[in-house]
Amino acid sequence: MFNKKVAALLNEQINKEFYSAYLYLDMNNYFQDRGLDGFANWYMIQAQEERDHAMLFYQYMQNNDIKVTLEAIAKPDKTFKKDMDVLKAGLEHEQFVTASINAIYEEAYKAKDFRTMQFLDWFIKEQGEEETNARDLITKMELFGNDPKSLYMLNQELKARVYSAPSLVLD
Ligand code: MG
């Protein structure tokens with residue numbers, strides 16, 4: 001019998017990951033409007049990765065015969081007045097998701113659910129990377145964001161980011 005608390009948290013995580021995708025789409029939308037296509041690209045790839053995360057939780061639950069209940073996805077609720085607001089909201093959101101993944105891990109640990117712990121290992125590492133990427137972007141923006149030429153270069157750099165499928169493959 002699968003632990004009920006762990007199952008409920010996994011189910012909630014599907015929603016949180018889809019919400020993340022929605023939030024990043026909103027950020028993509030902000031930068032499209034601004035005419036910063038590189039930044040827009042960066043957030044589009046973030047959105048694609050979040051959709052992948054949602055599907056990994058979904059697939060993990062199905063593979064383990066845990067009932068999935070799909071809930072409504074909340075509307076992105078942030079308003080962005082300037083570029084840096086978006087970047088900072090992105091980092092804050094990743095910190096929120098890290099805490100959420102850690103909370104599932106803690107319940108899985110208490111329940112001696114080693115399989116879920118192993119599944120979550122990939123996400124623990126992934127969250128570390130997500131936070132680093134968000135922080136790096138803020139640093140670059142602080143350094144170069146105020147000068148139009150440098151902003152142009154940074155936008156070009158972010159335009160080069162390409163999507164790649166997650167390294168975690170479930171059987
Ligand atoms: Mg995610």
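View 1. At 40% relative accessibility, R34 counts as partly exposed; buried means under 20% relative accessible area, exposed over 50%, and partly exposed in between (1.4 Å probe, protein chains only). The model is predicted, so local features need pLDDT of at least 70 and side-chain atom pairs count only at pLDDT 80 or more, while totals for chains, interfaces and linings use all residues. Residues are numbered from 1 along each chain as its sequence is written, and side-chain values use heavy atoms, with hydrogens and water left out. The side chains of R34 and D83 meet in a salt bridge, 2.7 Å from N to O. A salt bridge is a side-chain nitrogen of Lys or Arg within 4 Å of a carboxyl oxygen of Asp or Glu. The pair links distant parts of the chain, R34 in helix 1 and D83 in helix 3, 49 residues apart. Helices are DSSP runs (H or I, at least four residues), numbered from the N terminus. D83 is buried, with a relative accessible area of 10%.

**View 2. Helix 1 against helix 3.** The axes of helix 1 (residues 4-34) and helix 3 (residues 83-110) come within 11 Å and cross at roughly 170°. Helix 1 is therefore roughly antiparallel to helix 3; angles over 145 degrees count as such. Axes are lines fitted to C-alpha atoms over the stretch in contact, and angles run from 0 to 180 degrees between N-to-C directions. The residues of this contact divide into 18 nonpolar, five polar and seven charged. Ala, Val, Leu, Ile, Met, Phe, Trp, Tyr, Cys and Pro count as nonpolar, Asp, Glu, Lys and Arg as charged, and the others, Gly among them, as polar.

View 3. A search of the whole structure finds nine salt bridges. In one of them, the side chains of D85 and K82 meet at 3.1 Å, N to O. D85 is partly exposed at 24% relative accessibility, and K82 is partly exposed at 49%. E107 forms a salt bridge with K110, with the closest N and O atoms 3.3 Å apart. Both E107 and K110 lie in helix 3, three residues apart, about one turn of the helix. E107 counts as buried at 15% relative accessibility, whereas K110 counts as exposed at 53%.

Conventions. Helices (H or I, at least four residues) and strands (E, at least two) are DSSP runs, numbered from the N terminus. Angles under 35 degrees count as roughly parallel, over 145 as roughly antiparallel, 65 to 115 as roughly perpendicular and the rest as oblique.
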